[in-house]
Amino acid sequence: MAATATGIHHRSYTSELRLRATRAEYVRLGLMTVLLLVLPFVLDNFWLSQANLILIAVIGAVGLNILVGYTGQISLGQGGFLAVGAYSSAILSDRIGLPTPLAILVAVLLTAAVGTFFGLPGLRLKGLYLAIATLASQMIIEFVIRRWDWLTLDQGYLNVERLSFFGFEIGGREVFEQQWYWVLLVLAGLAVLTARNLFRTGLGRSFMAVRDQDIAAEAIGVNIPRAKLTAFAVSSAFVGLAGALTAHYSEVVSWEKFTLDVSILYLAMIIVGGLGSIAGAVYGAIFMTLLPELIRQLSLGVDDTLPFLADQLPAVRNAVFGLVIILFLILEPRGLDRIWQRIKDYFRFWPFRY
Amino acid sequence: MSTFINQLAYGLADGSILALAALGFVLIYKATGVINFAQGEFLLVGAYMFYTAFVVMDLPLVVAVLFGVVVATLIGVLVERLILRPMVGENPISIIMVTIGLSSLLKALVQAFYGTSPRSQPNLLPRGSVDILGASVPINRLAAIVIAAIVLTAFTVFFRKSRHGIAMRAVADDQQAAMTMGISVRRIFALAWALAAVSALIAGVLVGDISAVDNNIAAFGLLVFPVVILGGLDSVPGTIIGGLTIGLLKQFTAGYLDPGLATVIPYIVLVLILLVRPYGIFGETRIERV
């Protein structure tokens with residue numbers, strides 16, 4: 001267990017309800033805000049695009065963590081739900097002509113509905129059975145987006161128009177990444193804040209009760225079927241937003257972006273970051289998005305000494321991916337979040353050990 | 001009619017290989033309670049191990065088979081020892097995830113050593129075809145059915161009659177009680193993984209012989225789920241029924257309706273079974289309800 005903040009005595013309910021209590025926490029928040037605001041001015045376009053991908057992944061990972069980490073319902077259907085968000089938002093805005101913000105909103109609601117539908121088996125099933133059921137949902141959605149030609153007007157892929165809302169349009173190449181960064185930063189920030197606060201409400205706490213001991217939860221009056229389905233709906237809504245943003249950001253939608261590998265990648269994010277931790281989902285999204293790029297840079301670095309590494313890049317990448325998952329689960333099942341907690345504890349208690 | 005016989009033979013051949021793959025999966029689940037998402041990669045590794053021994057090292061067939069069995073056993077035991085044992089007591093999500101990580105690792109290793117292009121190996125099963133009721137059925141498919149049937153029977157007899165088989169069933173039934181009776185649960189876990197790897201090896205070699213030795217072999221891994229859900233997650237006879245049913249269903253859908261639909265039909269069936277009868281045809285009805 002992470003150490004509780006000793007020496008903090010609350011004198012009112014409002015102080016106890018605050019998200020951050022100590023000065024150190026406010027300082028960290030301030031530093032992080034400064035960093036996030038400065039980032040687009042110091043990074044070049046390539047790294048800024050990585051940052052944008054991370055911000056989208058943060059939204060998706062937070063969504064998945066609500067379902068898996070907080071409600072204990074494993075889902076291998078993330079890729080499929082991302083696809084629902086992406087396709088519906090692209091089609092609604094470009095073909096049907098809805099204003100983009102409205103199209104994204106409808107896509108989010110639609111994904112929540114589809115997610116809830118595929119969550120129905122979860123009412124009777126737990127653990128591995130649910131994993132298999134969501135695997136099936138992934139396969140079925142993937143089949144639909146590959147085969148239903150109406151979605152892409154027989155092209156196999158969909159081009160999406162440049163994002164514009166309220167008369168503002170994302171600019172060309174030089175400012176493209178930077179403007180997207182601000183849009184995504186606001187949305188990702190809102191998503192994190194919403195999720196963080198969700199678990200301070202009765203609804204969020206009922207999710208955790210279902211995860212920890214479903215029968216006991218039922219005994220104290222939690223409506224289990226409703227909690228489970230709401231968890232699927234809320235989580236899929238986040239995922240739908242991530243999917244819609246993927247579509248508008250990359251400006252092209254095709255089924256390759258929504259395969260089972262994507263579901264697994266997102267699961268890896270929340271495992272590596274820390275199950276049942278919003279901050280963990282953020283760390284995991286950063287780590288897993290940057291990992292392939294880091295491996296690429298590393299293999300370029302050792303190109304002269306170990307040339308086979310560069311030749312086998314895709315294989316090396318997959319091997320590292322698998323190894324990272326295995327090692328985290330064996331060595332630190334609670335992920336990066338727990339490691340960060342331990343570092344903080346070390347400094348808080350120094351020079352004592354505990 | 002002749003098309004029907006043909007479809008039947010192809011479906012049964014696919015189905016019996018699927019049953020072999022699912023057998024390993026059920027063994028692991030029954031004995032250790034682990035859902036192994038890396039089962040398809042076990043087929044892949046098995047097929048490549050055999051290919052290495054038979055083609056690259058040019059060993060005689062029998063030695064190559066033995067080599068494959070030894071390596072498969074070793075891999076099974078190592079996986080159990082290094083990856084699954086530290087995970088004992090973790091929640092199902094973590095255990096599922098660790099096998100997913102394993103599948104990614106195994107696939108990457110095979111890719112690093114052998115690349116992605118398909119390898120051909122000299123035919124093991126007889127080629128040519130026989131005439132059955134006006135349909136020409138390839139002999140290698142029939143041979144695959146026969147081999148799978150022999151292996152599955154051997155495994156079933158092993159469970160029913162042999163000391164180790166009975167010990168495995170005891171562990172699956174009640175670990176604590178089995179321990180009290182002096183059965184080494186650790187050894188049984190290792191045995192389950194080893195046997196699963198061996199049955200996957202046989203399935204992998206059969207697929208490799210019928211089509212080609214390449215990365216697609218791993219695709220069988222996910223099809224295992226419809227099979228075991230249909231047959232029952234903890235039932236050995238269930239894998240046979242489930243495997244054959246899914247094999248035939250896929251083949252008939254591909255032959256009579258739409259080849260694209262055939263790839264997804266097992267999963268549609270899977271969802272339906274989960275909704276109606278989650279424990280499958282032969283599975284134990286021990287699912288916790290909420």
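**Notes on a predicted two-chain model**

1. Let's start with chain B, which has 11 helices and 2 strands. Bear in mind throughout that this is a predicted model. Reading from the N terminus, the order of elements in chain B is α-α-α-α-β-β-α-α-α-α-α-α-α. The radius of gyration of chain B is 19 Å, close to the 19 Å that the globule rule gives for 290 residues, so chain B is as compact as a globular protein of that length.

2. Along the principal axes, its C-alpha atoms fill a box of roughly 60 × 50 × 35 Å. Of the 290 residues in chain B, 54% are buried. Among the contacts in chain B with a separation of 6 or more, 73% are between residues 24 or more positions apart.

3. Val228(B) sits in helix H9 (residues 220–231) of chain B. Is Val228(B) buried or exposed? Its relative accessible area is 1%, and the cut-off for buried is under 20%, so Val228(B) counts as buried. Leaving out residues up to four places away in sequence, Val228(B) touches Ala22(B), Phe25(B), Val26(B) and Leu233(B). Tyr279(B) is 51 residues away from Val228(B) in sequence, with 9.4 Å between the two C-alpha atoms.

4. Now to the interface. Chain A brings 43 residues to the contact and chain B brings 44 residues. Together the two chains bury about 3,900 Å², with 78% of that area on carbon and sulfur atoms. Which three residues supply more of the area that chain A buries against chain B than any other three? They are Arg124(A), Tyr129(A) and Ile132(A), with 19% of that area.

5. The polar side of the interface comes next. The rule finds 1 salt bridge across the interface of chain A and chain B. In a salt bridge between the chains, the side chain of Arg147(A) meets that of Asp258(B), at 2.9 Å from N to O. The number of residue pairs in polar contact between chain A and chain B is 2, with both residues at pLDDT 80 or more. On the side of chain A that touches chain B, at least two residues each come from helix H6 (127–147), helix H10 (214–219), helix H11 (224–250), helix H12 (260–273) and helix H15 (313–331). By class, that side of chain A has 34 nonpolar, 4 polar and 5 charged residues.

6. Ile74(A) has contacts in both chains. Ile74(A) belongs to the loop between helix H3 (45–70) and helix H4 (78–95) of chain A. With a relative accessibility of 0%, Ile74(A) counts as buried. Neighbours within four places in sequence aside, Ile74(A) is in contact with Val68(A), Gly127(A), Leu130(A), Ala131(A) and Thr134(A), and also with Ile93(B) and Ile96(B). The C-alpha atom of Ile74(A) is 14 Å from that of Leu260(A), and the two residues are 186 residues apart along the chain.

7. Glu251(A) is buried at 17% relative accessibility, while Arg162(A), at 32%, is partly exposed.

8. What separates Arg296(A) from Glu293(A) in helix H13 (residues 278–301) of chain A? They are separated by about one helical turn, because they are 3 residues apart in that helix. Their side chains meet in a salt bridge, at 3.1 Å from N to O. Arg296(A) is partly exposed, with a relative accessible area of 32%, whereas Glu293(A) counts as buried at 9% relative accessibility.

9. To finish, here is a salt bridge in chain B. The side chains of Glu80(B) and Arg85(B) come together at 3.0 Å, N to O. Glu80(B) has a relative accessibility of 3% and so counts as buried.

Notes: Residues are numbered from 1 along each chain as its sequence is written. Chains are lettered from A and ligands numbered from 1 in the order in which they are written. This is a predicted model: local features need pLDDT of at least 70, side-chain atom pairs count only at pLDDT 80 or more; totals for chains, interfaces and linings use all residues. Side-chain values use heavy atoms; hydrogens and water are left out. Contact means heavy atoms within 4.5 Å. Buried area is the accessible area (1.4 Å probe) that two parts lose on being put together, summed over both. A salt bridge is a side-chain nitrogen of Lys or Arg within 4 Å of a carboxyl oxygen of Asp or Glu. A polar contact is a pair of N or O atoms within 3.5 Å; within protein, one must be able to donate a hydrogen and the other to accept it, and residues adjacent in sequence count only if both atoms are side-chain atoms. Helices (H or I, at least four residues) and strands (E, at least two) are DSSP runs, numbered from the N terminus. Ala, Val, Leu, Ile, Met, Phe, Trp, Tyr, Cys and Pro count as nonpolar, Asp, Glu, Lys and Arg as charged, and the others, Gly among them, as polar. Buried means under 20% relative accessible area, exposed over 50%, partly exposed in between (1.4 Å probe, protein chains only). The radius of gyration is taken over C-alpha atoms; the globule rule is 2.2 Å times the number of residues to the power 0.38.
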